[in-house]
Every structure is written in C-alpha cells, then in structure tokens.
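Have the sequence and the 3D view side by side for this one. We'll walk through it a piece at a time.

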Amino acid sequence: QMVGGYSTGMKTRLALARSVLHDPQLLLYDEPTSGLDPESSYAVLDMIREMTSFGHTVVMCTHLLGEAEGLADHIVMMEAGTALISGSPTELTHRYWPNPILTLDAEDTRLLDRSASFPGVAGYRRDPSGVRLEVDDLRRVPDIVASLIADGIRLTLVDPHVPTLEALYFTLRREAGVGALGAGTVAGEEGAAALGSALVAAVGAPGCSAVATSSATTATGTSN
C-alpha cells in the first residue's frame, strides 16, 4: 500500500519511526502526537523523555500545553520573535504566584474568615468559589483543615492550587497586553498564527529537549 493512502495517525507513526532510525543527536518535531490516540500520544512523549535521558536533543512544537507539562526545566516566552521572559518552571511560578494558594469552601463560608489569622496565612480573600488563602507552605494545609474541622466547620472544598503551564502561559500573555487572540487579529488559526507568540521550554540533560507551545505554527528551541 502506498504511504499516501495511510491515515494521519499511521503517517505520524511512520514519520516518528524514520526519525529515530539513524539515532540522531538532534530531532525536530512539529505536532508529533497529531492524529494519534491517547495511548500512542503517551508513548511518543515517553519516548522523548527516554531520548533526552540518553543525551539526545529534541525540539518539539505543539499546540497542546498539557503535552509540555512535566517535560520542561527551562521556559522562554516569545512574542513576535522577542523573548519576554525566561526561567525554570519553579522560578516563573514563584514569580507570578509567590505564595502557594489554597481555596476553601464550607456550608457557611463566613465561618472561614477565622482562617485569615492562622499561622502561615499571608493573604485572605473571598471569591465565588469560597475563600482564597495565600500560605507560606502547602504543608500548612493539614493543620488548617484540622483547625477548621475542630471548630465545627463543615468544609465542602479543599483545593491546593498548583499552577499549570497553561496558567503561566496566559498570565504572561495578559501581562504582555496580548489577549487570547490578540488585538486586531481575526478568529481562527489564521488569526492566532498572526500573533507570532510562543512558549519555549527546554528539558533534559546531558541533552536538551525543547518543547514549544504556541499560537503560531513555528517554534524555536535550544540545545546543549
């Protein structure tokens, strides 16, 4: 059967197989999980992790921010070819969320106000989902919950917030003054591509896997 008659998923599998036959030190992937089922997608991402552990360098462009979660040890956000910010995920998370966030709710939300004076609580405010606490360490959560329960408060929500790569991406874009589609662009892929924005992440030692998540169709990465 001619390759042209293969399904999208089969073509992707064939391209991935060809890319590793000669054991290259540098691989450039554009949407490597496109057309693949969830199990195959997981296998591809696992392969990338394994390759970096053997010293290979991988540059990957993806529109799926979830694919980059857990892969990156260095992130660079670019807008129109200019790097806006860079650093490790931990550094950037601490920069935009200096204190861990804990969201609580209860049958009577007003009773949660007393948690504002608990040890380790650096900030407190109510929001539509309950109350939002800024704490110095998420290890405070068990003590906070135990104290509230001891006071007879019936909790309905305990949600420690762990910022995702997607949350970081949109936070950075809002700070840069760029909306979801950007000012003056049209909706859809053409409008998104006009933004020229990208989140570039690097992972892996002694090699370096770079994962670029962007609204554009191109990406850049670095290697050791």
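This is a predicted model: local features need pLDDT of at least 70, side-chain atom pairs count only at pLDDT 80 or more; totals for chains, interfaces and linings use all residues.

Residues are numbered from 1 along each chain as its sequence is written, and side-chain values use heavy atoms, with hydrogens and water left out. Helices (H or I, at least four residues) and strands (E, at least two) are DSSP runs numbered from the N terminus.

Let's start on the inside. A nonpolar core here is a set of buried Ala, Val, Leu, Ile, Met, Phe, Trp, Tyr and Cys residues joined through side-chain atoms within 4.5 Å. As for "buried", that means under 20% relative accessible area, while exposed is over 50% and partly exposed is in between (1.4 Å probe, protein chains only). The largest nonpolar core has 14 residues, and the members touching the most others are Leu102, Leu104, Leu112, Val121, Leu133, Ile144 and Leu148. At least two residues each come from β5, β7 (130-135) and α5, with α5 giving the largest share, 4 residues.

Now for the charged pairs. How many salt bridges are there? Counting a side-chain nitrogen of Lys or Arg within 4 Å of a carboxyl oxygen of Asp or Glu, the total is 7. One of them joins glutamate 107 to arginine 154, with the closest N and O atoms 3.0 Å apart. This pair ties together distant parts of the chain, 47 residues apart: glutamate 107 sits in the loop between β5 (101-106) and β6 (121-127), and arginine 154 in the loop between α5 (141-150) and β8 (155-161). Glutamate 107 counts as exposed, at 58% relative accessibility, and arginine 154 is exposed as well, at 56%.

Another salt bridge pairs aspartate 113 with arginine 126, and here the closest N and O atoms are 2.6 Å apart. The two are 13 residues apart in the chain, with aspartate 113 in the loop between β5 and β6 and arginine 126 in strand β6. Aspartate 113 is partly exposed at 34%, and so is arginine 126 at 45%. Then there's aspartate 137 with arginine 139, at 2.7 Å between the closest N and O atoms. Aspartate 137 is partly exposed at 24%, whereas arginine 139 is exposed at 70%.

Finally, the loops. Most residues other than glycine have a negative phi. Aspartate 23, in the loop between α1 (8-20) and β1 (26-30), has a positive phi near 50°. Glutamate 31 also has a positive phi near 50°; this residue lies in the loop between β1 and α2 (38-53) and is partly exposed at 21% relative accessibility.

Is threonine 33 buried or exposed? Threonine 33, found in the loop between β1 and α2, is buried, with a relative accessible area of 6%. Leaving out neighbours within four places in sequence, threonine 33 is in contact (heavy atoms within 4.5 Å) with Ser41, Val44, Leu45, Leu64 and Glu67.
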